[in-house]
Amino acid sequence: MPNNITIVGIQWGDEGKGKITDLLAGDAAAVIRYQGGANAGHTVVVEGRRIVLHQIPSGILNPESLCVIGPAVVIDPETLIQEAESLRVHDIAVTPERLAISRSAHVVLPFHKRLDALREASRGAAKIGTTGRGIGPAYEDLFARTGIRMMDFCEPDRLVTALRRVLPERNLLITHLGGEPFDAEQMTEATIEQGRALAPYLRDVGAAVHDVLSSGRRVLFESAQGTLLDVLHGTYPFVTSSLTTAPAAFPLLGVGVPEHRRVLGVVKAYTTRVGAGPFPTEDPGSIGQRLRDVGGEYGATTGRPRRCGFLYLPALRYAIRVNGVTGLAVTKLDVLSGLAEMPVCHAYRFGGDVVNTIHPEHFEDPALTPLYETWEGWSEDLSAARSLTDLPAAARTFLDRLSAALEVPVVLVSTGSGREATIFAQDPWA
Ligand code: IMP
Ligand code: MG
């Protein structure tokens with residue numbers, strides 16, 4: 001039996017991964033974030049309390065699981081400390097026993113955020129619509145081998161040396177784009193306390209993850225963003241700067257690929273996207289507006305209204321292939337209640353061809369025409385459903401059609417934000 005599940009978004013993020021991770025964390029010895037940074041916003045609702053996590057894994061609400069932040073996460077120390085504080089307000093312990101941070105994870109510093117903002121401003125109409133959290137510039141430094149790791153950040157001597165290496169070049173760009181430059185000594189001084197606060201959390205997390213996995217205990221790998229935002233496999237250049245897919249978890253953490261694994265593809269019952277970039281099934285009309293209102297589709301990190309539209313099966317088929325998805329977690333099914341029917345894009349026309357699975361080279365092409373089917377809706381409220389048989393026939397048909405079209409079984413269905421509003425169609429660990 002597999003002892004690990006990777007939870008991955010198979011759209012453009014905001015599929016509801018946080019709730020699914022929190023739900024399964026009760027069975028897991030460790031919950032691991034392996035990419036992205038404070039651009040993520042994972043909303044978890046427990047006993048009516050709405051908690052938004054950005055960098056700390058959504059397993060933190062389960063007191064039994066070790067939460068791990070891997071080396072390929074870019075950490076914003078200042079907001080990480082604030083996030084831990086805001087959890088303590090809810091009586092959730094964030095201690096070195098509960099949270100392990102990779103020594104090799106890179107940090108996001110104020111100059112990354114300023115660069116992110118200046119770059120976006122300079123792009124004009126071609127802007128990506130980033131979250132402004134400095135993610136792109138931090139990953140640039142990582143790959144340029146000028147980055148600053150947690151082990152440098154927590155050691156003032158190393159930090160000032162690292163800053164003297166990276167800042168001259170970064171300042172050149174910042175001033176070129178009209179911004180104020182940064183000073184290495186001042187920045188070191190200003191972050192000494194942050195380094196002190198985070199130092200006790202640093203660990204060799206690759207070894208820790210390996211130990212949990214090889215002992216047979218259960219592990220959840222929690223991805224952030226979504227497959228179509230992956231820097232290689234997404235709708236480039238309108239993507240984030242990390243590898244967001246499920247298989248990336250293993251090389252990014254420094255553990256071998258386990259022989260048996262499960263990949264839970266989280267799919268919202270409709271589609272949303274925040275930020276710029278192609279979205280062929282976007283509905284600027286009344287259904288899109290209704291989905292935004294009923295689904296509360298506003299960014300958990302930036303508060304921006306999300307663009308809303310219809311299910312896009314060709315993109316889901318692609319994401320399932322890219323990730324090796326073994327089961328689906330369908331979220332926000334309740335939001336569709338009250339729609340008499342809904343368009344679902346099952347394929348698209350490109351030139352003379354009908355295409356079932358997206359090709360990245362078509363992403364931005366205006367010649368791509370979505371082809372729709374009409375799926376029957378339902379009016380019943382789904383929030384009390386606890387098994388598939390509690391669902392109205394049309395909602396069951398919706399799930400059956402989705403599973404048949406994607407050739408992947410539905411494992412979980414979420415019909416509300418709380419833990420209890422969940423249907424387990426199958427055992428996710430089986
Ligand atoms: P960045 O990751 O801040 O550089 O933003 C790049 C793109 O990814 C923008 O379109 C963002 O809106 C989008 N993005 C980044 N993180 C998330 C997320 O957690 N959910 C949804 N979209 C995201
Ligand atoms: Mg989110």
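## Ligand sites, sheet and a covered helix

Of the 16 residues around ligand 1, those that come nearest are Asn-39, Thr-131, Thr-240, Val-274 and Arg-304, where a residue is near a molecule if one of its heavy atoms lies within 4 Å of it. This is a predicted model, in which local features need pLDDT of at least 70 and side-chain atom pairs count only at pLDDT 80 or more, while totals for chains, interfaces and linings use all residues. Residues are numbered from 1 along each chain as its sequence is written, chains are lettered from A and ligands numbered from 1 in the order in which they are written, and side-chain values use heavy atoms, with hydrogens and water left out.

| Residue | Polar atom of the residue | Distance to an oxygen atom of ligand 1 |
|---|---|---|
| Thr-131 | side chain | 2.6 Å |
| Val-274 | backbone | 2.9 Å |
| Arg-304 | side chain | 3.0 Å |

The protein covers 97% of the 460 Å² of accessible area that ligand 1 has on its own, as computed by the Shrake-Rupley method with a 1.4 Å probe. By class, the shell around ligand 1 is made up of 6 nonpolar, 8 polar and 2 charged residues, with Gly counted as polar.

The magnesium ion (ligand 2) is coordinated at 2.2 to 2.4 Å by Asp-14 (OD) and Gly-41 (O); donors are N, O and S atoms within 2.8 Å of the metal (3.2 Å for Na, K and Ca), and water is not among the atoms, so sites may look incomplete. The pair links distant parts of the chain, 27 residues apart, with Asp-14 in the loop between β1 (4–9) and α1 (17–25) and Gly-41 in the loop between β2 (30–33) and β3 (42–46); helices (H or I, at least four residues) and strands (E, at least two) are DSSP runs. Asp-14 is partly exposed, with a relative accessible area of 23%, whereas Gly-41 counts as buried at 16%, the limits being under 20% for buried, over 50% for exposed and partly exposed in between.

An open sheet of mixed pairing is formed by 10 strands in the order β9-β7-β5-β2-β10-β1-β11-β14-β18-β19, two strands being paired if DSSP finds at least two bridges between them. Because β9 (202–203) and β19 (422–424) stand at the edges, each with a single partner strand, one side of each is left without a neighbour in the sheet. Within the sheet, β11 (residues 262–268) runs parallel to β14 (residues 327–331), joined by 5 bridges, and Val-267 stands opposite Val-330 in β14.

Helix α11 (residues 313–323) is mostly covered, with 10 of its 11 residues buried, among them Arg-317 and Asn-323. Gly-324, whose phi is positive, near 65°, follows α11.

Key. Buried < 20%, exposed > 50% of the residue type's maximum accessible area, 1.4 Å probe, protein only. Polar contact = N/O pair within 3.5 Å; in protein donor to acceptor, adjacent residues only side chain to side chain.
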